[in-house]
Amino acid sequence: MSAIPKEEYLYKCTSACAGCSSSLCLRYVLKAAGSDSVLVIPACCTSVIQGIYPGTAMNVPVYNVAFAASAACASGMSEAFAAAGKETNVIVYAGDGGTVDIGIQALSGAFERGTNFLYICYDNEAYGNTGMQRSGATPLGARTTTTPGGKPTTKKDLDRIIEAHNPPYMATACSAYPLDLYKKVKKALSIEGPKFIHILAPCPPGWRYPTEKTVEMGKLAVKTGTWILYEREFGKLSISGPSKAAMKRPAPLEDYIRGQGRFKNLSPETLDLMRQQVQQNIQRLSREEAGVC
Amino acid sequence: MLTIATGNRAVADAVKAAKPGVIAAYPITPQTEIVEQIAEYVTGGNLESRYIPVESEHSAMAACIGASAGGVRTFTATSSHGLLYMHEMVHWAAGARLPIVMANVNRALGPGWNTWAEHTDAFSQRDTGWLQVFVGTVQEAYDATLMAFKIAEDERVLLPVMVNLDGFALSHITQSLDTVEIGDFLPPFHLPHAIDTENPLGYGPMTGPADYFRFRWDIERSMRDSRGVITEVEREFAERFGRSYGPTEDYRCEDADVVVVAIGTLGKEAEVAIDRLRDEGIKAGSMRLRWFRPFPDLDLAGRDVVVIDRDYSFGFGGVVAHSLKSKTGIEPYSVIAGLGGQEVTYNDIADFVKNRRPGTETWFGVSDHV
């Protein structure tokens, strides 16, 4: 941890909920990016967390845009900086709703065009800002305010959609592993072109667990193999340290499910489907890393 | 340099002269020639802009917003459904006080699919905080586009400008075009609130009612100030390049008993009708409305007024007719004509004048004197 700079770009005066893991992640993202960086954010939890005009909790410029527009806005900004000869980092920090649902067209377009920017999706698996409605990233069985009986369909596999764009760098991360996140942001920003990092960001009010369990919840997601940490550089996959062990001997899925109110009263069939999904993901990524896919 | 060009080509040539740092656009009929020509200029090394071929109009305007905020001159072009698809970002651009210039090639809205001229697309954006100018000739498409950058970027304005030209009736017709060496007519782009990582600010965060309300007033105050800036810029343009423009283009209005008010190419067509009517001894004139936002003051007192609207606000009336009525108190003869590219000739316009019934509305060729 000694490598992480002491400079703070996200101050303590945010409007984040207690136990918010996405603001924790943003702190490390900005430490990795440094002061010559601009954040572009659509409507999401961060548009609340940043504070209310004329105040700001950020020590970098923050450009707010409409919900569907962040990747396109960042495209324009990146080109403007290039035209002006600036090397400023353009970083989108967007929630899962603004990424996998309403913003996916702009995101796909920006990646297809080879835009030089870093797109980070912090994924709390629902529309958190508006009070936890389901998004395309909500997992099977999870209760949200618009899936009160549990979500009947599976989580959209955003990473495979991004992978189909052949970006030079993409990675997954989790709020419980800040050093891993920090290193991935550093690496991403050293590469020219469109970069993508997908962070799992547990959410105490949305997932219905006590605020002090935020780090533990992230660790359980990784240890159970529900969330797999990896990097994909120029198409080559490498599984990140914390997930290597977890993929060999994943902890029981119940350890992760049990502590979350959103998964209360899961049917045995749904739990079984979730278990199968975890195993399929582990197998798919293991095979790919071993070069046998 | 004297040449011949289409309306679309004239816009592209003006953009080439203005040298935006970033151009982001999505093709749509009948605007396509603008983006194709610009792409050719950029690819051929004749225009040092960064051209972003976005995947939608929503993204075109979003990219222009990011680029303009990033501190460079920015241009896009669209039409009809494209304009409506970017509507959310059209509001955002004005609210963010970004001097983006956009050409809108006026076209009807579906269904059914119709690619011909109509003004309802632009008028549906009238409350967004954009300045809107409508042109009537190829030369004016060029001149107005050049002036739009200077007006938008003036620190007393800092609002985006939409240059409107009629689909096909102007975008695809060929007229003479005199392109100019612009010299220092356009100063280097300077945006006082451009993103600066040395001075990190929050742009457009959550804003309470008191501050939000003040920002809305700031937009209106700049819209009012833009009248003077438009006059200054049009005057400077006339001094430098010899072509004069104003809020309206008046034709034989001085002693007219009846004035035809129209927008775009129908405003030019009206001039031919006026000559015909004068030949018959009817003291008629025409007034082509160039600026729609800010809406100009019109001197029409004591005359009959015939307004031709190539648009409609359902459940209310012709947009120009009702705007004119609310600004002047005059009850015009409201003619709804030319929707979806309906042909309207100078003889038709002369008939509107002869058959006028002030205070009533007619749908030309469909329903008389509603």
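**Exercise 1.** Work out which hand the crossing of α9(B) and α11(B) has, and how the two helices pack.

*Solution.* Start with the hand: α9(B) and α11(B) cross in a right-handed way (left-handed if the near helix is turned anticlockwise from the far one by less than a right angle, right-handed if clockwise). Helices here are DSSP runs of H or I with at least four residues, strands are runs of E with at least two, and both are numbered from the N terminus.

Next, the geometry. Helix α9 (residues 265–279) of chain B and helix α11 (residues 346–354) of chain B pack at about 60 degrees, with axes 8 Å apart. Axes are lines fitted to C-alpha atoms, for helices over the stretch in contact, and angles run from 0 to 180 degrees between N-to-C directions. That angle makes α9(B) oblique to α11(B) (under 35 degrees is roughly parallel, over 145 roughly antiparallel, 65 to 115 roughly perpendicular, the rest oblique).

Now the contact itself (C-beta atoms, placed from the backbone, within 7 Å). α9(B) brings E269(B), A270(B), V272(B), A273(B), R276(B) and L277(B), while α11(B) brings Y346(B), I349(B), A350(B) and V353(B). By class that's 8 nonpolar, no polar and 2 charged (Ala, Val, Leu, Ile, Met, Phe, Trp, Tyr, Cys and Pro are nonpolar, Asp, Glu, Lys and Arg charged, the others, Gly among them, polar).

A word on ground rules: this is a predicted model, where local features need pLDDT of at least 70, side-chain atom pairs count only at pLDDT 80 or more, and totals for chains, interfaces and linings use all residues. Residues are numbered from 1 along each chain as its sequence is written, and chains are lettered from A and ligands numbered from 1 in the order in which they are written.

**Exercise 2.** Find how many residues of chain B are in the contact with chain A, and which element gives the most.

*Solution.* First, count: 35 residues come from chain B and 40 from chain A. Then list the elements of chain B giving two or more: β2 (22–25), β3 (50–53), α3 (57–69), α5 (87–95) and β9 (202–203). α3(B) gives the most, with 9 residues. Finally, sort chain B's side by class: 19 nonpolar, 12 polar and 4 charged.

**Exercise 3.** Decide whether G291(A) is buried or exposed.

*Solution.* Locate G291(A) in the segment after α12 (268–290) of chain A. G291(A) is exposed because 8 other C-beta atoms lie within 10 Å (buried takes 20 or more, exposed 12 or fewer, partly exposed in between, with C-beta atoms placed from the backbone).

How values were computed:
Two residues are in contact if their C-beta atoms, placed from the backbone, lie within 7 Å.
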